[in-house]
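Thanks, everyone. Let me put the model on the screen and walk you through it.

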Amino acid sequence: MAPKAAALVLVLLAISGSRADVNPDEVASVIWKYFTELGSNAKDTVDQLHQTEISKQLNTLLKSNLQTVSAYAEDLQARLVPFATELQARLAQDSQRMKEQIQRELQELQAKLAPYADEVHQQIGTNIRQLQAKMSPYAEELRSQVDRSAGELKRALEPYAAELRERLQDNAESIQASLSPYADRLQQQIDGGVESVKQRLSPMADELKAQVEQSVAELRRGLSPYAQEVQDGLNRQLESLTLQMERAAEELRARLAASSEELRAQLSPLATELREAASGDAEGLRQRLAPLAQQLEQRVGQTLETFRQQAAPFGDTFGKQLVQRLEEMRGKLDSGAAGVEDHLQLLEKEVREKVAAFLST
């Protein structure tokens, strides 16, 4: 089996095997990444995917792993491979077709907007300033939420350092007996704190995404009077802009979640080290614990400060990304030249829609 085909199967199984409901967007992300990589790979990889024996192997793997997952698993395994191979063939054709269509539409749009170049520039400039004004409070709120979350978690963990120092005054047997429950409580506090951080920050991405949609809608209303004869071309460009901005919002969500998990990964070893210290002999216990007791508060503080410095600027970075997208669109309307990303993003949208329609059946 081709490595990429095997990778596709494994990821699909990881997604599908974990729960009864298959998330179309997750599956679409896997398939789009797969075909994007496949498009730049050797032709024999594509040929292998179409071979009957490969399809049989994929079907066998899917059937053996999905048959108990949900009521439609058997149908899914029977249809996924033909769907994937057909989709790959369609993408190869649709990619060139869409590239030519977008280039043609953009050139027509540029020609129609040329007499209104000043007005179009002014309209997009106004939209950029409005977007910056809207993003600024959200960026500041995100920074504030990161600072507040880091501060609350730090205060929640501070008593553990004091408690550990107090425990060193007890006899070795007492310390050893109580250390494991203490480490469990510390880990629970870390996990609870990190989940609280994620719950506080995640809605920010949704709010920013809503502002993106509103901004594009306002730009559409502002430009429509100048592009009445080429609405399809304008809509295509605005659709591409929306996809770019929505992707930036999803990247922001992913970065916030990743930073929160990194925070957990940096703090959890503290509890692990305490458990390891408790597992040794009682005689050297104080000697092993003393450095931990001295460093616990400092290490917590340093870890949370690193998290704060990394996550706090995410909102500003997101705002700059959106402004850059608008500037790029203004440049395309001036030149009539489409970029590679335009047709790729719209192709990806088609893939997601096809996957969603496939899974919905």
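Buried residues make up 43% of the 361 residues in the protein chain. Buried here means under 20% relative accessible area, exposed means over 50%, and partly exposed is in between, with a 1.4 Å probe and protein chains only. The accessible surface of the chain comes to about 18,000 Å². Carbon and sulfur atoms hold 49% of that. Those areas come from the Shrake-Rupley method with a 1.4 Å probe, and for residues only the protein chains shown count as cover.

Ground rules next. This is a predicted model, in which local features need pLDDT of at least 70 and side-chain atom pairs count only at pLDDT 80 or more, while totals for chains, interfaces and linings use all residues. Residues are numbered from 1 along each chain as its sequence is written, and side-chain values use heavy atoms, with hydrogens and water left out.

Confidence. pLDDT is the predictor's confidence in each residue, from 0 to 100. The chain has a mean pLDDT of 76, and 70% of its residues reach 70 or more. Which stretches stay under 50? Residues 1-11 do, and over residues 41-55 the pLDDT is below 50 as well. The model has 20 contacts beyond four places in sequence for residues 1-11. For residues 41-55 there are 18 contacts beyond near neighbours in sequence. A contact means heavy atoms within 4.5 Å. Where pLDDT is low, the predicted coordinates should not be read in detail.

Now the fold. The chain has eleven helices and zero strands. Helices are DSSP runs of H or I with at least four residues, strands are runs of E with at least two, and both are numbered from the N terminus. Take the contacts between residues at least 6 apart in sequence: 85% of them join residues at least 24 apart.

On to the core. A nonpolar core is a set of buried Ala, Val, Leu, Ile, Met, Phe, Trp, Tyr and Cys residues joined through side-chain atoms within 4.5 Å. The largest one has 66 residues. Which members touch the most others? Leu164, Leu179, Leu274, Leu289 and Phe318 do. Helices 5, 6, 7, 8, 9 (285-311) and 10 (314-335) each give two or more residues to this core. Beyond four places in sequence, the contacts of Phe318 include Met135, Leu208 and Val212. Met245, Ala248, Ala249 and Leu252 are also in contact with Phe318.

Aromatics. A search of the whole structure finds two aromatic pairs. Rings of Phe, Tyr and Trp (its six-membered ring) pair if their centres lie within 6.5 Å; planes under 30 degrees apart are stacked, over 60 edge-to-face, and the rest tilted. Tyr116 and Tyr226 have ring centres 5.5 Å apart and planes at 40 degrees, so this pair is tilted. Tyr116 sits in the loop between helix 5 (73-113) and helix 6 (117-167), and Tyr226 in the loop between helix 7 (172-223) and helix 8. They are 110 residues apart. Tyr116 is partly exposed at 35% relative accessibility, and Tyr226 is partly exposed at 23%. For Tyr160 and Tyr182, the centres are 5.9 Å apart and the planes at 55 degrees, so that pair is tilted too. Tyr160 lies in helix 6 and Tyr182 in helix 7, so the pair ties together parts 22 residues apart in sequence. Both Tyr160 and Tyr182 are buried.

Beyond four places in sequence, Arg236 is in contact with Met98, Gln101, Ile102, Glu105 and Leu346.

Helix 7 holds Gln211. At 13% relative accessibility, Gln211 is buried.

Ser202 is in helix 7 and is partly exposed, with a relative accessible area of 31%. Its C-alpha atom is 6.4 Å from that of Arg253.

Last, the record. In an unreviewed entry, UniProt lists residues 84-119 and 231-262 as "coiled-coil region". UniProt positions follow the numbering used here, feature names are shortened, and annotations may be inferred rather than shown by experiment. In the model, residues 231-262 are 100% helix and 0% strand. The end C-alpha atoms of that stretch are 46 Å apart.
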